[in-house]
Amino acid sequence: MGLGEAGLGVGYGKMGSGKGRGSMDEYVEVLQYVIYVFNSIFFLAASGIFAVGLWIRFDKDTDQFVSGLGMNFYWTGTSIIMAGAALVMLTSFMACCGAYFRNTCMILIYKAMTVVTFIMLLGGASYVLDHGLEGSKIYPWLQETIRNQIHRYQWDVAARRNVDILQEYIGCCGGYSSGDYDAIHLPHPDTCRNQITGNEYGDSCAEVFSWYLEVRSGWISGLALSLCFLQCFSMVFAFCMYRGLKDMRK
């Protein structure tokens, strides 16, 4: 009887162990599909962010305005976000491979790279928002820069061209206001007027150009921050996957 009971106990132990491994295998399998879905979304979202970044960076008009005003620092945030998006696409593929092959090393690398891309996207978005909205530090900078170019309007051909293109294209007049011309006793140029109605634009170029940048800054930073939010969940799933694989191999 003692031996029989011992054998029965061993049998139950093996059955319990088998059930444990089976349930853990199902748990890991569910996490695999979750990682597939999330990282497919990440790949598409990162592709969209990268495409928006390309549109902003290589748009002919935007590039002309940014170069003419000497505000190439604006590209810093956009470039960081684009680099982060490119890394997200790469790490998303790595995550799917790691989940498929149940490779703990790849999952671990994915976790580390997710932290890196999270910081890049968050930092890039913060920089863009700090330098691309009407209420940001770019607004007073634009006021002063455009006014300085107006002060060189009579003798600096490049400054005159930049101011005229900006005023005519986006529909504005002056850095602070049209009073920038009055302050140096200059007549208001034709580019300060609507070419159809002949009425002078009432908004300053700093204000209107801030609105112009705000649309682009809002799109790319909003998408980047949304991806950052989703990456928080991805980190949790990757951690669970890593622990699950470790437990299965004990």
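How much of the chain over residues 108-129 is helix, how much is strand, and how far apart are the end C-alpha atoms? Select that stretch to begin: it is 100% helix and 0% strand, and its end C-alpha atoms are 32 Å apart. Helices here are DSSP runs of H or I with at least four residues, strands are E runs of at least two, and both are numbered from the N terminus.

A word before moving on. You are looking at a predicted model, in which local features need pLDDT of at least 70, side-chain atom pairs count only at pLDDT 80 or more, and totals for chains, interfaces and linings use all residues. Residues are numbered from 1 along each chain as its sequence is written, and side-chain values use heavy atoms, leaving out hydrogens and water.

**Annotated stretches.** Now colour residues 33-58, 78-101, 108-129 and 219-242, which the unreviewed UniProt entry annotates as "transmembrane region". UniProt positions follow the numbering used here, feature names are shortened, and annotations may be inferred rather than shown by experiment. Residues 219-242 are 100% helix and 0% strand, with end C-alpha atoms 34 Å apart.

**α3 and α8.** Next, show helix α3 (residues 74-101) with helix α8 (residues 205-248). They pack at an angle of about 30°, their axes 11 Å apart; axes are lines fitted to C-alpha atoms, for helices over the stretch in contact, and angles run from 0 to 180 degrees between N-to-C directions. α3 is therefore roughly parallel to α8 (angles under 35 degrees are roughly parallel, over 145 roughly antiparallel, 65 to 115 roughly perpendicular, the rest oblique). Contact means heavy atoms within 4.5 Å. The contact residues divide into 9 nonpolar, 3 polar and 1 charged (Ala, Val, Leu, Ile, Met, Phe, Trp, Tyr, Cys and Pro are nonpolar; Asp, Glu, Lys and Arg charged; the others, Gly among them, polar).

**α2 and α6.** Then pick helix α2 (residues 60-69) and helix α6 (residues 157-170), which pack at about 140° with axes 10 Å apart. That angle makes α2 oblique to α6. Among the residues in this contact are Asp61 and Phe65 of α2 and Arg161 and Tyr169 of α6.

**Gln143.** Finish at Gln143 in helix α5 (residues 138-151). Is Gln143 buried or exposed? Its relative accessibility is 12%, so Gln143 counts as buried (under 20% relative accessible area; exposed is over 50%, partly exposed in between, with a 1.4 Å probe and protein chains only). Not counting residues up to four places away in sequence, Gln143 touches Gly175, Tyr176 and Ala206.
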